[in-house]
Amino acid sequence: MDLSLAVEHWARSTPDRIAVASAKEELTFGQLMLRAQGLSTRLRRHPGLRVGIHTQDPVAMAVGFHAAVLAGKSLVVLDPAWTQEQLAATARRLRASLVVTAPEHAAVLQNLGFSTHSVPVDGAGPLHPVRPASAERELLVICTSGSSGEPKAIVRSQGSWQQSLSSGAAILGAVPAALTLCPGPISHGLGLYALVESLHTGGTLLASGRWNTDTARTLLGRYACTHIVSVPTIIQRLLDASPDGALDSLNTVVSGGEPLPAPTVETIFTDTPATACTEYYGSSEHSLIAYRHREPGEEPAGNFIGIPFPGVKVHIHREEGASPGGAIFVDSPFNAEGYDSSGAVCINRCGASTSVGDLGRLLDDGRLELHGRGGAMLNLNGNNVHPGEIAQAFARLGLADVRIRMSLRGGSKTLLAYTCTEPQPGPELAGRLRELLPSYKIPRELVFLERWPMTSSGKIADAELPDSSIPDLAKVALR
């Protein structure tokens, strides 16, 4: 169903149902539609196609998003975690001269040379009839998190998002009765998608706008959360921070961005009444690609292996010497148009299929095995090395969450491995690795970290992994 028609339907049929709740405010579907309707009138007066939105408030994001939909504008999502310099440069490059924001941020944006509109705090009726928009029209410009390089601006059409919502809702547990807690950033792909998915299906989104322990506890204390959507690191923090009984209504957990560690999956099934845990692989460029259902009592797993979402077609480009797969190319109705033309980067294309450099292979039963997200093949002294293959070898030895990076030592390249598990004896581990990998693929050292470095979206920042030569780091030699 058209995005604007869906919200209008819920606003007319269940006007008093809570659409979005933060720790500070509740917004019903009726109130959401009236506020968005009022703001859309102001946005229509703006001559440009694009308007920006700069907020970490979930209520403001919901109103701003649907106001842009109603006004026929394309919404440029500006990350509040950016520096003022990056914010100004990105907004200008993406032609967002008008920015929707909260009153407390308006002065900063105005000083940077932008016009601003505040999100209305109320709205007046009656509701006006909504006309559906063209599926081909530009709906969003959203930037990647930058976890594997500089953020890239991605252009999405209204039709691509609507089709991904329709295809993924049932698999991901988005139903009208769901009270979905999204405890991560609302301005990033996963949080924004969860917001729109919840509103589109008539559910209620409980959101903090960014991770905050006290805010998460407040929301859990007020509402009987049935559904959680976030990245693995934030899901684990939420489980650790939840008071006894706070998750007694939970039935579904959805994770994206990184594979869920097996211990986290076990905690979900042993410490909560959840009966479903679904993990999906996707990208901002492709939306939903593949999914898998996790189960209690799993052995530590290596690579993600999942079923393509309905309508998704995948093929692999084999690289010379690559083992055992190659670059993943995706053809689906959910694909973005590509990167915004103002940037220097172009998306890789093969006919109607596109690739962002993720590596994997197709299994005989049609499932997709992922060998690495955003991490391309490394060339180590003339040898091709795929980090996912090494990480899978560690997983077979009981270390499920290992990251691989290449470092320069004494003018030579060497591999380093990182984990957040308890330190283990090096000689025994090295001996077992030699049974699984050729010597040149065995990292020089395994570094034990207390916690992963994170991007502002809660994903692991591989580029910020510390050099193993830093004093006081726990590590063992493997070669």
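In the predicted model, E422 is placed in the loop between β26 (412-419) and α12 (426-434), where helices (H or I, at least four residues) and strands (E, at least two) are DSSP runs numbered from the N terminus. The residue counts as exposed because its relative accessibility is 66%; exposed denotes over 50% relative accessible area, buried under 20%, and partly exposed the range in between, with a 1.4 Å probe and protein chains only. E422 and E450 are 28 residues apart in sequence, and their C-alpha atoms are 8.9 Å apart in space. Residues are numbered from 1 along each chain as its sequence is written. Because the model is predicted, local features need pLDDT of at least 70 and side-chain atom pairs count only at pLDDT 80 or more, while totals for chains, interfaces and linings use all residues, and side-chain values use heavy atoms, with hydrogens and water left out.

Another glutamate, E8, lies in helix α1 (residues 3-13) and is buried, with a relative accessible area of 11%. Between E8 and F29, which are 21 residues apart in sequence, the C-alpha to C-alpha distance is 8.2 Å. When residues up to four places away in sequence are not counted, E8 touches M33, H128, P129 and V130, contact being defined by heavy atoms within 4.5 Å.

The axes of helix α3 (residues 58-71) and helix α7 (residues 189-200) come within 11 Å and cross at roughly 70 degrees, the axes being lines fitted to C-alpha atoms over the stretch in contact, with angles from 0 to 180 degrees between N-to-C directions. The contact is made by P58, M61, A62, F65 and H66 of α3, together with L192, L195, V196 and L199 of α7. These contact residues divide into 8 nonpolar, 1 polar and no charged.

A search of the whole structure finds 0 disulfides, a disulfide being a pair of cysteine sulfur atoms within 2.5 Å. For C225, the closest cysteine sulfur is that of C182, at 11 Å, which is too far for a bond; C225 counts as buried, at 1% relative accessibility. For C277, the closest cysteine sulfur is in C225, at 13 Å, again too far for a bond, and C277 also counts as buried, with 1% relative accessibility.

Conventions
Nonpolar A, V, L, I, M, F, W, Y, C, P; charged D, E, K, R; others polar.
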